[in-house]
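Hello,

Here is the structure I promised to pass on. Please open it beside this message, and my notes follow below.

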Number of protein chains: 2
Amino acid sequence: MPLGMADVATVLFSKFLRFSVNHPSWFDRDRLVLSNGHGSMLMYSIMHLVGYIGIDDIKRFRQLHSITPGHPEYGCTTGVEVTTGPLGQGLGCAVGLAIAERMFSQRFGDDLINHHTYAIVGDGCLMEGISHEAASLAGHLGLDHLIVLFDDNGISIDGSTSLATSDDVRARFSAYGWDVLEVDGHDFGEIERAIGVARESRGKPSIICCRTVIGKFMPPKAGTAAAHSWPFSPEDAQEFRNAIGWEGERFEIPEEARTLWREVRARAELECDLWMKKFAGCERAEALNEILSDGVPNGVIDELDALKNTLCETRPTEATRKSFGRVLEFLATRVYKLVGGSSDLTSSNNTKAPHMEVVSSKSFDASYVHYGVREHAMAACMNGMALHGGIIPYGGTFLVFSDYCRPAIRLSALMGLQVIYVMTHDSIGVGEDGPTHQPVEHLASLRAIPNLYVFRPADAIEVLECWEMALKLTKSPSLFALSRQSVGFNRVCYSRDNLAVKGAYIVREHEGDFRVTIFSTGSEVDVALGARDILQDQGVGTRVVSMPCWRIFDEQNADYIANLLGNGSLKVAVEAACSLGWHKYIGERGIFIGLDRFGASGKCEDLYRHFGITKENVAGTILARLRSGM
Amino acid sequence: MPLGMADVATVLFSKFLRFSVNHPSWFDRDRLVLSNGHGSMLMYSIMHLVGYIGIDDIKRFRQLHSITPGHPEYGCTTGVEVTTGPLGQGLGCAVGLAIAERMFSQRFGDDLINHHTYAIVGDGCLMEGISHEAASLAGHLGLDHLIVLFDDNGISIDGSTSLATSDDVRARFSAYGWDVLEVDGHDFGEIERAIGVARESRGKPSIICCRTVIGKFMPPKAGTAAAHSWPFSPEDAQEFRNAIGWEGERFEIPEEARTLWREVRARAELECDLWMKKFAGCERAEALNEILSDGVPNGVIDELDALKNTLCETRPTEATRKSFGRVLEFLATRVYKLVGGSSDLTSSNNTKAPHMEVVSSKSFDASYVHYGVREHAMAACMNGMALHGGIIPYGGTFLVFSDYCRPAIRLSALMGLQVIYVMTHDSIGVGEDGPTHQPVEHLASLRAIPNLYVFRPADAIEVLECWEMALKLTKSPSLFALSRQSVGFNRVCYSRDNLAVKGAYIVREHEGDFRVTIFSTGSEVDVALGARDILQDQGVGTRVVSMPCWRIFDEQNADYIANLLGNGSLKVAVEAACSLGWHKYIGERGIFIGLDRFGASGKCEDLYRHFGITKENVAGTILARLRSGM
């Protein structure tokens, strides 16, 4: 791909791309996403030629601690906008970047914000399901500042793409409402004209199908699957040098080329400088700078505390998804960088505050996106929005469908993006919709993702406290697991301190001898508290620990952890989910009450009883163990 | 949907569908998949009318232990072919069913096997990414026995579908190479003609876009999102009765309707009886019956043992993905129901045995599918193939991309299907491709799925033994996590017993005092054994337990488990993955050596060293702990 798409990328950089090596985070730069990230050397080569990286970095390609890893990594290499590699993700991300651009352009004026998002995609990206979701959404929203460059080389790893696909890509994208262009990907003039036309498109995203030869100039591998991922031997390299008539040394770059690329960069820096001047004299600069700064406006956290105080008086018993919507309603009028959405479950997820306007092709001066039944694209778009800057995206679906967005959730975590996932209907509490809609393994499988903070709050107050933490986690994604069904209100009295801030805390201390610790999360904290009442009635001193966020608890100091683990007591965990991971807290001999099997269709209460997740069963099981003396 | 699609379903059942209540598993029946499974009552109503289920079952709709759960569940209700609900999955499954049908038809003759696969899909199914992958594959393979009935009602949960999509569905499916038809979904004549035309299609799958009114006859909710998922009040019910002029009791069915549906069933049973007679007299019956029986042919396991014996002599040290391919090559010529494939990673996954022919639109007399870069559709298709019967499907991708197929893997487990997932490149051992391609959390997240057997074999022999177990697990999916890099050969000598059959076993016993147990899996068993050598040299008696399958180990009896857990010894786990779940075996105070963070791009050996997963670090950490006396 670095050979096959070199001509296209050269035209893009030299004739169009707004970028600045001096100011790599220039807000109005174009965003370039290499969705088929395995072609990273294409990026690195050009980034070297324009001055982002040195030749030594090129030499250290794919070595540990280098800034030229196998796939482009955001945060690792200045100028790399998006971590890519898992196919199709870059395209989804690009759609989010393009939505964000339109939002800012409409809010701050297109004299200040008017840049393009370019995505280079391969056959693989377009075979992936996410390409459908993303392209369909982009067409629906008429994202005319999105330009996709399709490396149409007809080759995939297994061989010719004709082995596996017969799609008419042009007709397909037309059906999504895109402008479709086609060029010889090795004809500079054609490429330049096509990008020019795409940039003038109004009301439609564009895809430019670039007919290219994979491994160009690399006979005999050119145009075959052998050029895709087979090692490149010294003989191949010599053939390549012969083919292009190059007699210089390895890593040597002809002065003529250097000069041309220097001019490319100079042109780009000039454009950036002009913008910077315009920006410096602009009255909207302050507002834009404010929205681009990390964190939330001063005073919001204080005001949130006032809401907490009120809640402690009204003591609402409600579904945690409802509490989530309640806090959102409060925040959405104060934190303008929140941009919400749902995968067609808006009223179930409670993701839309009343005043929020909906983004459409007619207006981007809005903060809510109807993503449609496209969980995967939603998550990838949110990554794009977060990368663009100035937006804290959040989006909802049912927890069980977190599986659909998992590859993009992983990238939120890998890139360290502040994206908030709102996953409601978080257990068998879903009830009648049955096992296909009841998450069981999802909490564990999400807790396993490095740098993802999974919050499962137990009541209205914990929801608020977790919201506060999510707003502060500017380098990590958060995921809320929220109940469909009502839960109790557990907090005994108002405290200014965010009790959930350590990930786990004692929600009810034992009375009398310390015999039992029950760990629980979310809707099952009610069950744990109920069991505690029964046990205390029988004189069994029982502490209940609520654990809204395991990861944060694991980050606490050893004393805090040791204290909460309550060694010496019988340790019990109650969670309407699988047991995986709980033994870290309850030990090998602890008791787990939950379900290591799929759920069932039935009333919520019937299901909790059927699976034994009741206060009576928890208390009974504990008493039996205590009596057995084991 | 049960109201909006009633007319279409009525025509389908009464005029076309091959089914038999007397012989519900009749092999040549048509397969009907309700991909938008939330409309389950449409199925249940008709299934009642033709005699599959009683009126009491209808009354117990969505109640615990009923056979009419909220979404259709395979195995719960006779006549339900596929568990559906997660949108788009049914369509993917239908493509697998249709591939299987073509395979059997070509192998056994279309006089014996010639049935259709019908899928009812909604707007949501078609917005999901998997619809792209599945439809594109179906078009490529020219599956002319696949007929999709699209409930084109223009409504989703959030409101009009125009809120979120502007796709030209007709043009989109044409671009995939489908025949596209359009009907008034309430005009019996039009529907019948369209299905008739679709059944005559040659070389192309068909989609019939049925323009319908959601909640038909239910003013004023008809045609609005209120009809989608809002509760149906008693007043609504009365309005509905008024609208259709029905004055009978609840659950009462007019005799006229009963009679007509009795005739529908009689026609269907007759068709089945005729087939049964033809089949009984057919010389191919025996071969077909054999392939449809559970399990593998007699003698295969014995022969596999001979291969094991040979391996114990040659003692190959190779990547476990290579060992997998080795055993596959052996099995593929003996177990004809194995149908393989890969998502464009055939030569990396080692999923294609040399003699295997490739399925194409020209020939289905083959056993290998190039699924393209479509992991999700691959997994869903495999579910369809397994449901069809007579096929044990297996398919490969990289372990990190198991995330892309997760919703379908979950359904394999929920339905209890024998599907074999071949996931290679199973750790940071991936090396230079970097963190986007290195699984970290995937083993844990997959182990969390109920009824999924995750195998991570450590050497050529364990690969063979796990293959044997996967062949015997006829009611569960298996997933192989296999190394990219070479591993050692650990088995000391040949044993007829399958040592891996208990999920975990002692691969090297301690010598002298029993001080330490190291648990490990896959490529890290080498590290554990290396650490043991160092420790034994220092007189520290160290046992190494290989745990190729946690789930199977958890199913063993208490004595076996207790013995292997080696209480009293210092417990250590070594796995190049996240720690989640390990504390169940090593206890709260056990040592885990692995990585609770993302990987990096670099040489495999450099990465293992960087993350401290080396025999030196394992041994050193253990010695330090022993010295500290804690």
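A salt bridge, as used here, is a side-chain nitrogen of Lys or Arg within 4 Å of a carboxyl oxygen of Asp or Glu. Arg491(A) and Glu465(A) make one, with their closest N and O atoms 2.6 Å apart. Arg491(A) sits in the loop between β13 (478–482) and β14 (505–508) of chain A, while Glu465(A) belongs to helix α19 (residues 460–472) of chain A, so the pair ties together parts that are 26 residues apart in sequence. (Helices, H or I with at least four residues, and strands, E with at least two, are DSSP runs numbered from the N terminus.) Both residues of this pair are buried, where buried means under 20% relative accessible area, exposed over 50%, and partly exposed in between (1.4 Å probe, protein chains only).

Before going further, a word on the source: this is a predicted model, in which local features need pLDDT of at least 70 and side-chain atom pairs count only at pLDDT 80 or more, while totals for chains, interfaces and linings use all residues. Residues are numbered from 1 along each chain as its sequence is written, chains are lettered from A and ligands numbered from 1 in the order written, and side-chain values use heavy atoms, leaving out hydrogens and water. The model scores ipTM 0.97 and pTM 0.98.

Over all chains, the structure holds 70 salt bridges. In chain B, Glu524(B) and Arg456(B) meet in one at 2.7 Å, N to O. This pair links distant parts of the chain, 68 residues apart: Glu524(B) is in helix α20 (residues 524–537), and Arg456(B) is in the loop between β12 (453–455) and α19 (460–472). Both are buried. By contrast, Arg267(B) and Glu271(B), whose closest N and O atoms are 3.0 Å apart, lie in one helix, α11 (residues 255–280) of chain B, 4 residues apart, about one turn. Arg267(B) is partly exposed at 26% relative accessibility, and Glu271(B) is partly exposed with a relative accessible area of 26%.

Now to where the chains meet. Contact (heavy atoms within 4.5 Å) involves 97 residues of chain A and 97 residues of chain B. There are 8 salt bridges between the two chains; Asp403(A) forms a salt bridge with Arg406(B), with the closest N and O atoms 3.0 Å apart. Helix α17 (residues 402–415) of chain A gives the most to the side of chain A that touches chain B, with 8 residues.

Best wishes
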